[in-house]
Amino acid sequence: MKAIVAVKRVVDPNMKIRLKADGSGIELTGTKMAMNPFDEIALEEAIRQKEAGKVSEIVAVTIGSASASETLRHALAMGADRAIHLVAETSPEPLAVARLLAEVIRREEGRLALLGKQAIDDDTNATGQMLAATLGWPQATFASRLAIEGDIARVTREIDGGLESWELPLPLVVTADLRLNEPRYASLPNIMKAKKKPLESIDAASLGVDLTPRLERLSLAEPAGRKAGVKVGSVDELAAHIRTLARA
Ligand code: AMP
């Protein structure tokens, strides 16, 4: 069974995000980029399923500018077998991403689509669900456990206040939550080997998907800075302070 894993290049989660001077977006010039953390988890899961003999081949797919190929090299170094780069000047909106991924999945005859539950740049949390709808496949979102037996997947999902267990038929879309696994580091020998693994580039516009943006970002603003705290000398002083705040 072929697994297709969608990996997005985003601002490194350890970096402090800066806004462009005109507030139109996030400043990416000179900013360190990395694979979306939830996508690393999705990829790690595909690798573990391959190690367990449930998956035969892992194809990592990204949609983005020329530099997004770095993310694919990282995916290959982690353990993906092949990579497909759908080249688009900017990363398209979730609906277009879902339709592009669906095109690749049909072409590759993939039966397991693994995505992150959300990309930490736009925090949309929509692509996996839109992909399942586009393909007409069942979906298991926010997965914290995945077990495959033949044509059946047993998935545990993280929900408010607990866990939910599902049994779903393959082919299937799964989106990874934080507790699904802990992604491995790419070792130096694997980084070297990844340079020789196949990475195919395709013009995203050639796949017949409408990439025109449908959403308009009106503005983007930094969150309000935190006010300095107050040091109190005793519990009584703390209670008095809370009372004053409550009255205000
Ligand atoms: P989102 O719906 O934007 O929060 O993204 C959910 C998931 O969809 C991500 O974790 C990725 O697995 C996938 N995804 C979104 N955008 C892209 C992209 N440009 N290239 C590859 N995968 C993507």
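A residue counts as buried under 20% relative accessible area, as exposed over 50%, and as partly exposed in between. By that scale Asp122, at 44% relative accessibility, is partly exposed. The model described here is predicted.

- Asp122 pairs with Arg217, their closest N and O atoms being 3.5 Å apart.
- Lys54 forms a salt bridge with Glu149, with 3.4 Å between the closest N and O atoms. This pair joins the loop between helix H1 and strand S4 to strand S7. Lys54 has a relative accessible area of 28%, and Glu149 one of 49%.
- Glu158 and Arg179 form a salt bridge whose closest N and O atoms are 3.0 Å apart. Glu158 is buried at 18% relative accessibility, whereas Arg179 is exposed at 58%.

**Salt-bridge network**
- Salt bridges link Lys2, Glu57, Arg82, Arg107, Glu108 and Glu200 in a network.

**Helix packing**
- The axes of helices H3 and H4 come within 8 Å and cross at roughly 50°, which makes H3 oblique to H4. The crossing is right-handed.

**Nonpolar surface patch**
- Val230, Val232, Leu238 and Ile242 make a nonpolar surface patch of about 330 Å². Leu238 belongs to helix H6 and is partly exposed, at 38% relative accessible area.

Note on methods
Residues are numbered from 1 along each chain as its sequence is written. This is a predicted model: local features need pLDDT of at least 70, side-chain atom pairs count only at pLDDT 80 or more; totals for chains, interfaces and linings use all residues. Side-chain values use heavy atoms; hydrogens and water are left out. Patches are made of residues with over 30% relative accessible area and no salt bridge: like charges are joined within 9 Å, nonpolar side chains (Val, Leu, Ile, Met, Phe, Trp, Tyr) within 5 Å. Accessible areas come from the Shrake-Rupley method with a 1.4 Å probe; for residues, only the protein chains shown count as cover. A salt bridge is a side-chain nitrogen of Lys or Arg within 4 Å of a carboxyl oxygen of Asp or Glu. Helices (H or I, at least four residues) and strands (E, at least two) are DSSP runs, numbered from the N terminus. Buried means under 20% relative accessible area, exposed over 50%, partly exposed in between (1.4 Å probe, protein chains only). Axes are lines fitted to C-alpha atoms, for helices over the stretch in contact, and angles run from 0 to 180 degrees between N-to-C directions. Angles under 35 degrees count as roughly parallel, over 145 as roughly antiparallel, 65 to 115 as roughly perpendicular and the rest as oblique. A crossing is left-handed if the near helix is turned anticlockwise from the far one by less than a right angle, and right-handed if clockwise.
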